[in-house]
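Me: I would like to go through this structure slowly, asking at each step what lies behind the words that are used for it.

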Amino acid sequence: MNLARILSRTQLGLSAPLVQVELHVGRGLPSFAIVGLPAPVVRESRERVRAALLNSGYEFPAGRITVNLAPVELSKQGGRFDLPIALGLLIASGQLAAAARAFECYGELGLAGELKPVSGLFLAALHAANAGHALIVPAANGAEVVMSGHGAAYGAASLREAAARLSGSGASAALRAAADRVATAPPMLPGLAEVAGQWQAKRALIIAAAGGHSLLMVGPPGSGKSMLAARLPGLLPPLSTPEALEVAGIASVCGLQLDPSRWTCRPFRAPHHTASAHAIVGGGPRILPGEISLAHQGVLFLDELPEFDRRVLESLREPLETGSITVARVGSRLALPAQFQLIAAMNPCACGYLGDSVQACRCTPGGIERYRQRISGPLLDRVDIRIEVPRVAIGDQVDALAAPQAQSQSPSASDPAAQVQAARERRLQASGALSARLSVSQLQACCALPRLSERLLRRGSQQLGLSGRGVHRLLALGRTIADLAGSELIEPPHLAEAMQLRRSLPGS
C-alpha cells in the first residue's frame, strides 16, 4: 500500500476543523513535498519526521513523497502534524498496519523520536469526542485531554509507542476518566474579610458581583483598590460544567497550562497598562484570543485605567455591550466570546492625591482635567458603578491587624458570597440573565416601579444628565439592589443607592 490517511485537526480561532493528512509514496526521484496551505513550521516537519523515523528504528521510504493536508483552503499551523505525517509514512511504506478504528493523532516530534506537547489539544479533544474519534496525544498533554472529558484518549511518549497504539499492538491504557478531573479540591479564594475598612467599596463590590456590573474605583495610591478587585472572584459562584469547558478551551488555544484544581474557578485577568490592542481584544496573524476572551465568564481588571492606550480602551466598548468581539483580517473573520466583568481602578489625578486627607495634590486644574479626559464619555457611560475609595485610617488598619475576627464582621449579617449567590439565582430564575445583561424589553418586564420610585427616576435622571443607556443601566443597577434585598419592586431606597453608585467620576 502506497497511500495512507491519518486524521488530525487544525486550530481556527476557537474551532478545530478536521484535517485529513493524506500521504502517497510513489516512484521517482527522492522528494518530500507538503501541500495544503501549510505554515513554515509545518513545512519544516519534513526534517523532523525524517530524523525521528530513522532514530526510532524505521526506514525512511525512498521515492517521491507527497503529503496533502485537506481541506486545502484551511491554514495549517504548529507542530501538531508531525506525528500524523510520520504515522502516515509508516503505513504508506508498509511498515505499519492501518488501524481499523478512527484515530486522531497529534504531537510534535523530536529528532530522537520523542513526542513533545502541543498547544490547543483541549479544544481538539472536545471536537474529537463529539465525532466519536479516539485520540493519540503526547503523554505530556494527558492531563489537558483528560480534563476535556474524552474517554478514548491514549498518551504516548515516543513515535514507537504511538505506532504500537495505532496498530492495536500497544498495551497502553486509555487516560483516566473525566470524572477525576475535579478530584483535587479547588483553592480557597481571598475574601472581603481581609480588607480593612472600606465598607462602601465592599458594598459596591457585592452589588457588582450580584448583577454582573462593571465597576470603576477611584482613590489615592495604597487605598486598597487592587486588593478589592482581586477579591471579586471569591464572591462569584463557581463555573458550571459548560462554562468551565468553554473557559478551558480558550486558555488551551492560547497555550496556557490548565490546572485541574481551578477547574470551576472563574478567570481573573489583570493585563499591564502597556498591553497592545491585539493583546487585549485578540488578533495577530493566527487570530488568537486576547485578554477580554481569556477573562470570559470571569473578571478583567484594568489597573491605572487612564494609562492604557486610548485605542485599547475604546476597543472595549463593543464587547461590554455584546459579550463578544469580532476580529476581522484579510481572508478571515472570527467572533470570539468576551462576556467578562470589567473592574477598573485609577487615581483621582496624575499625582494621585486629589482630595486625599493626608497628602496634598500637586496637580493644576488643567492637568487634572487632561488626566480625566483620557477616559472617554462613551466608555464611562458603559461603567455601571463608580465609587471613591479613600485612604484607610491608620486606626482601622491597626484594629484589623489586632482583631482580625472582629474586622471580618461586615455590616451585613450574612456571608457576602451567599448574598451574591441568592441574588443571582433569583434573577436568573426570573429573567434568565443577570441584571447587567438584560435587554430593554426584559428590564421593562422585571422592573416594577412604585409611583415614588418613578418620580425619583425622572428627577434623578435629569439631575445626573443620564443618556438613554444611562437610564437603562441605572434601572439594571436598581434591580440588582432590590434582588439583594429580596424585593420584587424597586423601591425608592434601592433606586437612590443606585444613583449614588452611578455618579460622575468621584472628585470631579
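Reply: Helices (H or I, at least four residues) and strands (E, at least two) are DSSP runs, numbered from the N terminus. Counted in this way, the secondary structure of the protein chain comes to 22 helices and 18 strands. The model is a predicted one, in which local features need pLDDT of at least 70 and side-chain atom pairs count only at pLDDT 80 or more, while totals for chains, interfaces and linings use all residues. Residues are numbered from 1 along each chain as its sequence is written, and side-chain values use heavy atoms, with hydrogens and water left out.

Me: What makes Phe-32 count as buried?

Reply: Buried means under 20% relative accessible area, exposed means over 50%, and partly exposed lies in between (1.4 Å probe, protein chains only). Phe-32 has a relative accessible area of 8%, so this residue is buried. Of the 508 residues of the protein chain, 51% count as buried.

Me: Why is the pair of Phe-32 and Phe-60 called tilted?

Reply: Rings of Phe, Tyr and Trp (its six-membered ring) pair if their centres lie within 6.5 Å, and planes under 30 degrees apart count as stacked, over 60 as edge-to-face and the rest as tilted. The ring centres of Phe-32 and Phe-60 are 6.0 Å apart and their planes stand at 35°, so the pair is tilted. The two residues belong to distant parts of the chain, 28 residues apart, with Phe-32 in strand E3 (residues 31-35) and Phe-60 in the loop between helix H2 (45-55) and strand E4 (64-70).

Me: Why is the pair of Phe-103 and Tyr-154 called tilted?

Reply: Their centres lie 6.2 Å apart and their planes are at 50°, so this pair is tilted. Phe-103 in strand E5 (residues 103-105) and Tyr-154 in strand E9 (residues 153-156) are 51 residues apart. Phe-103 counts as buried at 8% relative accessibility, and Tyr-154 counts as buried at 12%. The structure holds four aromatic pairs.

Me: How do you know that the buried residues of H22 line one face of the helix?

Reply: The buried residues of helix H22 (residues 492-501) are His-494, Leu-495, Ala-498, Met-499 and Leu-501. Seen down the axis of H22, they fall within an arc of 160°, so they line one face of the helix; the arc is that of the directions from the helix axis to the C-beta atoms. The face turned away from the buried side of H22 carries the exposed residues Pro-493 and Gln-500.

Me: Which elements do the buried residues of H22 pack against?

Reply: They pack against helix H7 (199-211), strand E18 (385-388), helix H20 (451-464) and helix H21 (468-484), where contact means heavy atoms within 4.5 Å.

Me: What makes E11 and E18 the edge strands?

Reply: Two strands pair if DSSP finds at least two bridges between them. Five strands form an open sheet in the order E11-E14-E17-E10-E18, with parallel pairing. Strand E11 (268-269) and E18 each pair on one side only, and they are the edge strands. Two bridges join E11 to strand E14 (residues 299-302), and Phe-268 stands opposite Val-299 in E14.

Me: Which residues touch the most other members of the largest nonpolar core?

Reply: A nonpolar core is a set of buried Ala, Val, Leu, Ile, Met, Phe, Trp, Tyr and Cys residues joined through side-chain atoms within 4.5 Å. Of the 46 residues in the largest one, Leu-215, Ile-385 and Ile-387 touch the most other members. H7 gives the largest share of this core, eight residues.
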